[in-house]
Amino acid sequence: MVFSTVLTSSPQLYFPKTTFPIIQRAIRTCSASLSTNPQRISYSQFDLRTYWTNLIQEINHKLDEAIPVQYPQRIYEAMRYSVLANGAKRAPPVMCVAACELFGGHRLAAFPTACALEMVHAASLIHDDLPCMDDDPSRRGQPSNHTIFGVDMAILAGDALFPLVFRHIVSHTPTDLVPETRLLKVIAEIAGAVGSTGMAAGQFLDLEGGPNAVDFVQEKKYGEMGECSAVCGGLLAGASDEEIQRLRRYGRAVGVLYQVVDDMLEAKMDKDINGDKKKNKGKSYVAAYGVEKAMEVGEDLRAQAKKELDGLEKYGELVVPLYSFVDYAADRGFSVDNQAE
């Protein structure tokens, strides 16, 4: 439900740098503070694109192994179609791995949960796209699951992915790297994120709520996935309660920020193609308040996310990947490539 829009490298899809003056000042301020603090590494020394792309390759391989085609074949084909989609950025699993490594956790300890988070993401998108929900015919640059496999099979594919999430975590997480008590916390975190008080609540209000529901819808449909991804990584590595709360606020801010920028890019593209004829659908800040107000919201979210990370500066350069996530969510400074080889 979050991190879902696929963007190409076409320059017409991006807002000019001058569109975000406050955000640009935030980059310069943060970059300056990083370069003067010996405990951190400057942005110029960290390449998020390379970090992200390398992780995508590992995650794709593990996802392919996690969902082999078996009987009933059609359900597994539908599951794989969405989970292994070429256009998927793998933002939830990459954020989970980055958060785990921040607190000294091993990447191998995070991979099972990271893959499970991508399954959650894919399942939620399958159900979101259904005609009775958001009624979207395409996703990640290809036809939606129900467009290819039918509504009935799409529902079953989503239903099958959710329990696979928990089985995969339990059966594949190395017990010598992650104690069972931590795994239980991870499972509880994911269950809460997808349930009736999490993303499901956001979808309900997106369908039934009034115009004042936009904040709740954004936080639950989009912020919940970012929050869960960051928190699960911290839980796997044994982060303290205070650190988990920072990750919780950070992840939620980044998740909503990502969607706010997606909505602004979509609104700009619609205007370029169709003039003012097409209106932004759903309960977004752009639809409710317009682009200018959405920009202000994005600036606030970016500042909130970085403020939470400032409290983790004792970890030095290990926090930079999460800082970089914030900038990417706001600026889309590069295109994340995830194409089949």
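How many helices and strands does the secondary structure of the protein come to? The answer is 14 helices and two strands. The model is a predicted one. Of the 341 residues in the protein, 55% are buried, where buried means under 20% relative accessible area. Contacts can also be sorted by distance along the sequence: among those between residues at least 6 apart, 77% join residues at least 24 apart.

Helix α2 runs over residues 48–66 and has 19 residues. From its first C-alpha to its last it reaches 26 Å, close to the 27 Å expected at 1.5 Å a residue.

The buried residues in α2 are Leu48, Tyr51, Trp52, Leu55, Ile56, Ile59, Leu63 and Ala66. They cover an arc of only 130° around the axis, which puts them on the same side of α2. The general rule behind such a pattern is that an α-helix has 3.6 residues a turn, so residues three or four places apart point the same way. What do the buried residues of α2 pack against? Their partners are α3 (73–83), α4 (91–102), α5 (107–128), α7 (151–172) and α14 (320–331).

Helix α8 covers residues 180–194. Its 15 residues should span 21 Å at 1.5 Å a residue, and the end C-alpha atoms are 21 Å apart, which agrees. Buried in α8 are Leu183, Val186, Glu189, Ile190 and Ala193. Seen down the axis of α8, these residues fall within an arc of 120°, so they line one face of the helix. The face turned away from that buried side carries exposed residues: Glu180, Thr181, Leu184, Lys185 and Ala188.

The next topic is empty space inside the protein. Rolling a probe the size of a water molecule over the atoms shows where empty space is left. A search of the whole structure finds two cavities of 30 Å³ or more. The largest cavity has a volume of about 90 Å³. It is lined by 13 residues, and the closest to its centre are Ser82, Ile126, Asp129, Arg139 and Asn145. The elements that each give two or more residues to this lining are α3, α5 and β2 (142–143). The largest share, three residues, comes from α5. Helices α3 and α5 are also among the elements that the buried residues of α2 pack against.

Notes. Residues are numbered from 1 along each chain as its sequence is written. This is a predicted model: local features need pLDDT of at least 70, side-chain atom pairs count only at pLDDT 80 or more; totals for chains, interfaces and linings use all residues. Side-chain values use heavy atoms; hydrogens and water are left out. Helices (H or I, at least four residues) and strands (E, at least two) are DSSP runs, numbered from the N terminus. The expected span of a helix is 1.5 Å times one less than its number of residues. Buried means under 20% relative accessible area, exposed over 50%, partly exposed in between (1.4 Å probe, protein chains only). The arc is that of the directions from the helix axis to the C-beta atoms. Contact means heavy atoms within 4.5 Å. On a 1 Å grid over the protein atoms alone, a cavity is a set of points where a 1.4 Å probe fits but cannot get out, and a pocket is an open set with protein on both sides within 12 Å along at least five of seven lines; lining residues have an atom within 4 Å of a point. Grid points are joined across faces, edges and corners, and a volume is the space filled by probe spheres set on the points.
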